[in-house]
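Student: I would like to go through the side-chain contacts and helices of this model. Please show the sequence and structure.

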Amino acid sequence: MKQFDVTALGELLIDFTENGLSGQGNYLLEANPGGAPCNVLAMLSKLGKKTAFIGKVGDDFLGRHLKQVVETVGIDTRNLLLTPAVHTTLAFVHTKTDGDRDFSFYRDPGADMTLQAEDISEELIAQSKIFHFGSLSMTHPEVRAATKKALQIAKEAGCVRSFDPNLRPPLWNTLEEAKEQIAFGMTQCDILKISDNEIQWFTGEEDYDAGIRILQETYHIPLILLSLGREGSRAYYRDMRVEVAPFLQENTIETTGAGDTFCACVLNYVLEHGLETLTEQALEEMLRFANAAAALITTRKGALRVMPEKEAVLALLNARQ
């Protein structure tokens, strides 16, 4: 029996999100803990799964705060390192009127970029059922080497490997380099979560199904999840294609963490049902729960600390029967 359900590697940072205006008309910003891989783990912890995180933050007051928060939500931090050499990575999030976001990153450098291959705990990954990663840990040579080492350990340990490209163009030197590294990630995963704009960018196909076919034929990924924002989501598994409508909320504030919440719920379903014998009914059940959870997080500011409880997701599902 493995000790952890899911271990994730990647960025842990502060999302400074808008929270109104001051009396002088200046933006008020709230320092929300964030970072896609840790958001995924936070939701999995809410669902009762045992999780662990691999990454690096600055040995500054924000980095120490992040470590405390991650521990508070139930994520193991034995391989979360603090460095005095580089400050914790920051992101400033501007929320548009439709709830979508623009990001400005302060990461040149940021502590998450300084994770090295020798920092990786082989035992931690080997003791995990699923290893989850994204592309932000492949933007620079040092952290890229660490990611590749972790993926090799996960492969040798028989972990299911999950990948969310989570494309952030400003963090790459060029989009050609981004495409090259994301392509590598696709060669390494059993589960891929990709968004509508990412599939169009990566494949050059406007039609989502045509884009997914390219990925299936090129990379042979067993399970591909396509998130479609306000249009819901799809799952592609073997010769099956299942689509489920969204649970749109009238009180949506922002979409931060929606894709991570969705991804976590998919991984939770795979942990409980396996990846070998999924049926159309199972895929629909998986997507409905994931869509409902993602809808709930859009009604809350931030993500990592405010993931929905399982009971809240089930209540929403029952209300929409």
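Student: Which residues are linked with Arg 241 in a network of salt bridges?

Tutor: This is a predicted model, in which local features need pLDDT of at least 70 and side-chain atom pairs count only at pLDDT 80 or more, while totals for chains, interfaces and linings use all residues. Residues are numbered from 1 along each chain as its sequence is written, and side-chain values use heavy atoms, with hydrogens and water left out. A salt bridge is a side-chain nitrogen of Lys or Arg within 4 Å of a carboxyl oxygen of Asp or Glu. By that rule Arg 241 is linked in a network with Asp 209, Arg 234 and Glu 243.

Student: How far apart are the closest N and O atoms of Arg 241 and Glu 243?

Tutor: Buried means under 20% relative accessible area, exposed over 50%, and partly exposed in between (1.4 Å probe, protein chains only). Arg 241 is partly exposed at 37%, and Glu 243 is partly exposed at 41%. In their salt bridge the closest N and O atoms are 3.2 Å apart.

Student: How many salt bridges does a search of the whole structure find?

Tutor: Side chains of opposite charge can pair when their charged atoms come close. Asp 112 is buried at 4% relative accessibility, and Arg 107 is buried at 7%. Over the whole structure the search finds 13 salt bridges.

Student: How many residues apart in the chain are Asp 5 and Lys 129?

Tutor: These two form a salt bridge whose closest N and O atoms are 3.2 Å apart. Asp 5 is buried, with a relative accessible area of 12%, whereas Lys 129 is partly exposed at 33%. Helices (H or I, at least four residues) and strands (E, at least two) are DSSP runs, numbered from the N terminus. Asp 5 lies in strand E1 (residues 4-9) and Lys 129 in strand E8 (residues 128-134), and the pair links distant parts of the chain, 124 residues apart.

Student: How many aromatic pairs are there?

Tutor: Rings of Phe, Tyr and Trp (its six-membered ring) pair if their centres lie within 6.5 Å; planes under 30 degrees apart count as stacked, over 60 as edge-to-face and the rest as tilted. By this rule the count is seven.

Student: Which kind of pair do Phe 92 and Tyr 106 form, and which parts does the pair tie together?

Tutor: Their centres are 5.1 Å apart with 70° between the planes, an edge-to-face pair. Phe 92 is in strand E6 (residues 90-95) and Tyr 106 in strand E7 (residues 101-106), so the pair ties together parts 14 residues apart in sequence. Phe 92 is partly exposed at 27% relative accessibility, while Tyr 106 is exposed at 52%. The kind is edge-to-face, and the parts tied together are E6 and E7.

Student: Which residue joins Phe 92 and Tyr 106 in a cluster?

Tutor: The cluster is made by ring pairs. The residue that joins Phe 92 and Tyr 106 there is Phe 16.

Student: Why is the pair of Phe 202 and Tyr 219 tilted?

Tutor: Phe 202 is in helix H6 (residues 196-203) and Tyr 219 in helix H7 (residues 208-219), 17 residues apart. Phe 202 is buried, with a relative accessible area of 11%. The ring centres are 6.4 Å apart, and the pair is tilted because the planes are at 50°.

Student: Which ring does the charged end of Lys 148 sit over?

Tutor: A charge sits over a ring if NZ of Lys or CZ of Arg is within 6 Å of the ring centre and within 35 degrees of the ring normal. Lys 50 lies over the face of Phe 4, at 5.3 Å from the ring centre. The charged end of Lys 148 is 4.5 Å from the centre of its ring, that of Phe 184.
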